[in-house]
Amino acid sequence: MASLKLSIPVDGWDSRRVSFSGNPVQSFDRAASVVAITGFVHVSGASVISPFSRFKHSKVSRIDAELSHCPAPELEIESIVPPKGNSIGERLFEQNPLAGGEKNPSLEGPRNGNKRDRRWKSSFRRSDGGKKDMYFVQDYSRLDVNNLASNLSMDECNAILRRLEKCSDSKTLEFFKWMRTNGKLDHNIGAYNLVLRVFGRREDWDAAEKLISQLSVDPECGLNYQVFNTLIYACCKEGRVEMGGKWFKMMLEYGIRPNIATFGMLMSLYQKGWMVEEAEFAFSRMRDYGIKCQLAYAAMITIYTRLRLYDKAEEIIGLLRDDDVILKLENWLAILNAYCQQGKLEEAEKTLVSMQEAGLPPNIVAYNTLITGYGKVSKMDAAQRIFQRLQDIGLAPDETTYRSMIEGWGRANNYQEAAWYCKELRGLGLKPNSSNLYTLINLQAKYGDEDGATKTLDDMAEMGCQYSSILGILLQAYGRAGRIDKVPLLVKNSFYQHVLVNQTSCSTLVMAYVKNGLVDNAIKVMQDKRWTDAAFEENLYHLLICSCKELGHFENAVKIYTSMPKTEHRENMHILCTMIDTYSNLGQFTEAEELYKKLKSSGVPLDVIAFSIVVRMYVKAGSLKEACSVLEMMEKQKNLVPDIFLFRDMFRIYQRCRMLDKLENLYYKFLRSGISWDREMYNCVINCCSRALPVDELSRVFEEMLQCGFSPNTITFNVMLDVYGKAKLFKKVRKLFLMARKQGLADTITYNTIIASYGQNKDLGNMSSTVQEMQFDGFSVSLEVYNCMLDAYGKEGQMESFRKVLQRLKDSTRSPDHYTYNIMMNIYGERGWIDEVTTILKELKDCCLGPDLCSYNTLIKAYGIAGMVEEAVALIKEMREKGIEPDKVTYINLINALRKNDKFLEAVRWSLWMKQMGLG
């Protein structure tokens with residue numbers, strides 16, 4: 001922060017506030033205690049006080065002017081310890097070294113002055129009235145307290161303690177203990193204050209708290225703000241925010257009134273740590289005490305602005321006016337920054353005008369802040385205007401000005417202007433900062449300036465930026481611009497050499513190449529690499545293959561796999577499994593199976609994921625038997641429990657293979673596994689095990705699913721409707737149907753299932769009403785419903801209804817299928833209406849469908865009922881000619897036809913034939 005020049009008249013000095021003792025040591029101390037106010041000059045060992053040396057026209061700190069209003073006794077040696085650096089409270093002590101603590105070396109003056117500045121002479125009086133002159137060398141760390149006379153005065157002891165505090169903490173504490181033993185601490189607040197400095201430097205907070213506790217019970221000595229300021233300063237110097245707050249609260253608990261320096265240091269500390277709640281508390285107490293610390297207001301505004309609490313920041317700005325605070329430069333800059341950060345740039349410009357009206361000279365920081373504010377909202381015309389005004393008033397733009405302009409033009413995506421200001425900055429012998437370089441590389445990536453990008457990368461390296469960080473920035477910039485294909489042109493020379501020897505950078509680069517389809521570049525980097533770590537390399541290859549697979553670039557995954565170096569050690573199961581899945585997605589099942597055989601022969605035990613991948617590979621290939629053999633091999637491995645995904649695959653495979661026993665065993669195995677059920681698992685179990693589990697168990701699982709809050713899908717509803725219907729649980733059928741319809745999950749299959757259940761159980765009334773309900777809900781009558789009604793009415797002998805349904809089917813847009821023709825042939829055949837059967841058979845052949853296995857079985861039965869045995873036997877020959885293999889039902893229907901027509905010998909012969917075929 002810039003400083004202000006402050007002129008104060010000398011007529012306000014009151015010499016009566018300072019008194020001197022005849023004791024030379026005491027006089028030295030007293031004079032030292034007021035140097036900060038009156039000025040102090042050593043002349044041949046004497047102390048000369050000059051009223052004109054009290055203030056001088058120079059740059060002062062932000063708190064100096066505030067402290068000038070404090071009464072002289074408050075600025076004694078026992079006040080706060082002088083901090084280092086440039087924080088709020090720190091510069092106070094640099095300008096006023098005797099306001100507490102060590103001197104600022106820059107203010108000490110030449111070292112070769114009076115010898116008494118280097119070697120100090122003191123007179124100590126013996127108890128017998130004699131007098132002995134003792135000279136103490138500069139190295140007070142060698143002082144032996146045991147050799148000191150016990151009758152030293154308090155001022156003499158304080159003088160020694162003061163010298164020891166400057167050179168040796170341990171000797172200071174030792175001498176302080178000596179003073180306590182010899183009764184030199186009574187009413188001696190100065191000695192306590194010096195020791196507190198030592199505790200603060202050493203961060204021995206427990207000892208400091210104990211010492212304060214001792215002071216609190218001494219009514220003569222007592223506590224004052226200087227004691228706590230000493231400790232708060234130590235916290236400020238070391239950045240101990242919480243501890244600084246602790247001393248402040250303790251100060252208040254003891255009823256000590258803080259002074260302006262207390263709040264200056266404390267708010268500085270809170271600003272460094274961005275401790276908003278603590279800062280608010282301290283600020284509130286400051287106003288309660290009626291203290292006006294300009295720096296506290298500035299710190300509060302800065303904290304709120306940093307935390308984006310702009311409304312609160314403006315409240316503090318309002319308090320500045322309400323409290324009649326005389327604004328310093330720091331206040332103006334904080335207000336200006338608060339407006340710029342929230343985009344209130346008109347208010348910011350008004351603030352800049354007010355600064356000038358207040359008599360402050362043009363300040364480069366203020367103009368830079370305004371330029372930055374316009375740059376953040378991409379109003380670069382206004383930023384350019386402020387830049388021009390800066391030059392018009394005679395202020396030379398500094399590096400911050402140019403850097404802010406670069407950032408602003410970067411946000412406005414104007415590479416030409418940003419490059420011009422960068423050139424101007426370099427012309428001043430300065431370089432862009434890291435933020436500028438980040439902005440430039442993004443613009444260069446967007447506008448295709450690879451030469452400029454190369455220069456920017458070199459600047460980053462010269463700045464000391466790690467190559468790994470540079471690579472990340474480069475990939476991000478070119479990735480955002482969609483020009484990763486240009487990165488290989490930029491990663492070269494020493495940059496590329498770093499990539500080849502650094503595993504992290506290498507993996508970052510090849511991953512970026514693979515994700516953007518630059519597989520050949522990635523393979524080249526992997527082949528050129530110079531680091532050797534077999535495990536890391538395998539994992540990296542696996543990661544590259546997985547990335548290609550996830551992106552759907554299966555061919556690239558194969559290319560990376562085939563480029564891998566061949567190793568003699570055992571195969572990497574994870575890579576092989578990923579490639580099995582990759583080949584499966586490509587439909588190259590032969591290659592996938594070869595890898596599986598390679599993995600199996602390697603002796604590497606497969607885990608659950610490996611088995612899942614292999615099983616899915618065989619399922620995709622349509623080899624369900626092979627999938628079942630893999631599952632059997634998995635079951636032989638001990639302590640291998642499938643995960644929930646493999647359990648689902650197993651349920652589906654066994655269902656497709658109609659392995660009901662396997663399904664039942666798998667179900668109870670899953671119950672014992674302890675795996676938590678999810679919605680998909682409930683649906684899977686119900687759908688796959690509907691024929692393998694008892695209806696009560698299925699009903700229990702379904703009810704449990706509802707209680708757990710999982711919603712069944714449409715298929716699950718339909719499966720449970722079918723289960724309840726076949727079990728003749730029609731109340732549950734109706735309840736479940738209403739639930740499905742309420743949730744909007746009822747579909748055509750739902751109605752088909754319910755209608756089929758009613759039809760199979762000869763409940764023709766409910767079947768008919770459900771058909772009407774289906775139409776009322778907006779569903780057209782499906783072919784399956786027509787087939788169900790034809791079958792139900794035909795089997796019940798309601799031929800009139802049968803004919804009406806058949807006519808409705810012909811009038812609809814539905815075309816009969818095999819089931820329709822087979823149902824009609826079965827109904828007519830049961831009644832012996834062979835002419836109608838023949839007609840239906842002719843229609844079946846004419847519609848290009850032709851009889852299927854079920855059709856032939858139905859015809860054989862019909863011919864048997866009609867006594868047409870020879871025709872029935874001839875159908876067997878016709879089936880074989882058409883490539884339709886007779887099944888068990890075919891032979892049973894034929895044997896029954898022969899028996900019914902007294903062809904017992906023929907029936908026996910066919911029965912024996914059926915047994916020879918393994919169908920008996």
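What you're looking at is a predicted model. The protein has 49 helices and six strands, and buried residues make up 47% of its 920 residues. Take the contacts between residues at least 6 apart in sequence: 61% of them join residues at least 24 apart.

**Helix H11**

- Helix H11 runs over residues 260–273, which gives it 14 residues.
- From first C-alpha to last, H11 reaches 20 Å, close to the 20 Å expected at 1.5 Å a residue.
- H11 is mostly covered, with 11 of its 14 residues buried.
- Those buried residues are Ile260, Ala261, Thr262, Phe263, Gly264, Met265, Leu266, Met267, Ser268, Leu269 and Tyr270.
- Just past the end of H11 comes Trp274, and its phi is positive, at about 55°.

**Helix H17**

- Helix H17 covers residues 364–376, and its 13 residues should span 18 Å at 1.5 Å a residue; the end C-alpha atoms are 18 Å apart, so the two agree.
- At the start of H17, Asn363 puts a side-chain oxygen within 2.8 Å of the backbone nitrogen of Val365.
- The buried residues of H17 include Ala366, Tyr367, Asn368, Thr369, Leu370 and Ile371. Gly373, Tyr374 and Gly375 are buried too.
- Which helices do the buried residues of H17 pack against? They pack against H15 (329–341), H16 (345–357), H18 (380–392) and H19 (399–411).
- After H17 you'll find Ser378, which has a positive phi near 60°.

**A residue to look up: Thr305**

- Thr305 sits in helix H13, which spans residues 294–306.
- Is Thr305 buried or exposed? Its relative accessibility is 4%, so Thr305 counts as buried.
- Leaving aside residues up to four places away in sequence, Thr305 touches Tyr310, Ala313, Asn337, Ala338 and Gln341.

**Helix pairs**

For pairs like these, the angle between the axes and the distance between them describe the packing.

- *H7 and H9.* Helix H7 (residues 189–202) packs with helix H9 (residues 225–238) at an angle of about 15°, and their axes are 9 Å apart.
  - Angles under 35 degrees count as roughly parallel, so H7 and H9 are roughly parallel to each other.
  - The crossing of H7 past H9 is right-handed.
  - On the H7 side, the residues that meet H9 are Ile189, Asn193, Leu196, Arg197 and Gly200. Their partners in H9 are Gln226, Val227, Thr230, Leu231 and Ala234.
- *H21 and H22.* Helix H21 (residues 434–447) and helix H22 (residues 450–462) cross at roughly 155°, with axes that come within 9 Å.
  - An angle over 145 degrees counts as roughly antiparallel, and H21 and H22 are therefore roughly antiparallel to each other.
  - H21 and H22 make a left-handed crossing.
  - H21 brings Leu437, Tyr438, Leu440, Ile441 and Gln444 to the contact. H22 brings Glu450, Gly452, Ala453, Thr456, Leu457, Asp459 and Met460.
- *H40 and H42.* The axes of helix H40 (residues 748–760) and helix H42 (residues 783–795) cross at roughly 5° and come within 9 Å.
  - H40 and H42 are therefore roughly parallel to each other.
  - Here Asn752, Ile755, Ala756 and Gly759 in H40 meet Glu784, Val785, Cys788 and Ala792 in H42.

Key. Residues numbered from 1 in each chain as written. Predicted model: local features only at pLDDT ≥ 70, side-chain atom pairs only at ≥ 80, totals over all residues. Heavy atoms only, no water. Helix = DSSP H or I, 4+ residues; strand = E, 2+ residues; numbered from the N terminus. Expected span 1.5 Å × (residues − 1). Buried < 20%, exposed > 50% of the residue type's maximum accessible area, 1.4 Å probe, protein only. Contact = heavy atoms within 4.5 Å. Polar contact = N/O pair within 3.5 Å; in protein donor to acceptor, adjacent residues only side chain to side chain. Axes fitted to C-alpha atoms, helices over the stretch in contact; angles between N-to-C directions. Parallel < 35°, antiparallel > 145°, perpendicular 65-115°, else oblique. Left-handed = near helix turned anticlockwise from the far one by under 90°.
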